[in-house]
Amino acid sequence: MAFSSRLISRSKQLHGSQAILNQQHAFPVRYYAKEAAPAGLKGDEMLKDIFRDIKQKFETAIGVLRKEKITIDPENPAAVSHYAKVMKTIREKAGLFSESQRIQFTIEEETQDIPDARTFFLKLQEIRTKRGLSDELGVEAMTMDALEKVEKEIKQPLMRNDKKGMALLMAEFDKVNKKLGVRREDLPKYEEELELKIAKAQLEELKKDAVEAMETQRKREEFKNEKEVDVRSLDIRNFL
């Protein structure tokens, strides 16, 4: 334990809380400007409110992390599930977006002024690519095929304010969803699966950082006789 304690305090400190909060605070400043800042605030006042809000969220997150034992074991489903639950608790107490909510906010923010359906879907493809999300089922191609069919039927580009045309497109999407076995009532389940994938990826990053830190410290003379530490035995609460 001596090795692990000195390791963390004298190197990267595992930066578990940093990795977590870097993910959770990935909000554009315009989000605060539009949604969080009271009307009438200008310049420095708005910035002060933003930073106070971030500081409060950070302290809330640290408070949760100090109470929860996180096992850095991305290959253990139980550890991943517990980590995901801890992250959900942090989001709920600190008022943070989930990944799905963050994607939804980005879509709304970047597409609100797009008038036609085709440009809208091309922007969705761009957002997906930028966020590193895969399209394993080929949904984008099926979406464009559905759009092509509707535009051919109405004999003009589909505009987003065309209620009749959009209803036709939604009907085509229902067919695509049925083909893929996707049901709207299952969306919460899909969101949960996404959060588990994110939790596993974050634990993998924490494990990688911890292993790199230990390997670096073991090269130092003072640590050469120390026993190797199993990453799973580390307790992030000891280093916050």
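## Aromatic pairs

Phenylalanine 105 counts as buried, because its relative accessibility of 14% falls under the 20% limit. This value, like the others in this report, comes from a predicted model. Phenylalanine 97 is buried as well, with a relative accessible area of 16%. The structure holds three aromatic pairs. In one of them, the ring centres of phenylalanine 97 and phenylalanine 105 are 5.8 Å apart and the planes meet at 50°, so the pair is classed as tilted.

Phenylalanine 120 and phenylalanine 121 make an edge-to-face pair, with 5.3 Å from centre to centre and 75° between the planes. Phenylalanine 120 is buried at 16% relative accessibility, and phenylalanine 121 is buried with a relative accessible area of 10%. Ring pairs join Phe120 and Phe121 with Phe173 in a cluster.

## The largest pocket

Helix H10 supplies the largest share, nine residues.

By class, the lining of the largest pocket comprises 21 nonpolar, ten polar and twelve charged residues.

## The second largest pocket

The second largest pocket holds about 330 Å³ of space. It is lined by 14 residues, of which Lys88, Arg91, Glu191, Glu192 and Glu195 are the closest to its centre. Helix H5 (77-94) and helix H10 are the elements that give two or more residues to this lining. Helix H5 gives the most, with six residues.

The lining of the second largest pocket divides into seven charged, four nonpolar and three polar residues.

## The annotated coiled-coil region

In an unreviewed entry, UniProt lists residues 189-226 as "coiled-coil region". In the predicted model, this span is 79% helix and 0% strand, and its end C-alpha atoms lie 45 Å apart.

Note on methods
Residues are numbered from 1 along each chain as its sequence is written. This is a predicted model: local features need pLDDT of at least 70, side-chain atom pairs count only at pLDDT 80 or more; totals for chains, interfaces and linings use all residues. Side-chain values use heavy atoms; hydrogens and water are left out. UniProt positions are given in the numbering used here, feature names are shortened, and annotations may be inferred rather than shown by experiment. Helices (H or I, at least four residues) and strands (E, at least two) are DSSP runs, numbered from the N terminus. Rings of Phe, Tyr and Trp (its six-membered ring) pair if their centres lie within 6.5 Å; planes under 30 degrees apart count as stacked, over 60 as edge-to-face and the rest as tilted. Buried means under 20% relative accessible area, exposed over 50%, partly exposed in between (1.4 Å probe, protein chains only). Ala, Val, Leu, Ile, Met, Phe, Trp, Tyr, Cys and Pro count as nonpolar, Asp, Glu, Lys and Arg as charged, and the others, Gly among them, as polar. On a 1 Å grid over the protein atoms alone, a cavity is a set of points where a 1.4 Å probe fits but cannot get out, and a pocket is an open set with protein on both sides within 12 Å along at least five of seven lines; lining residues have an atom within 4 Å of a point. Grid points are joined across faces, edges and corners, and a volume is the space filled by probe spheres set on the points.
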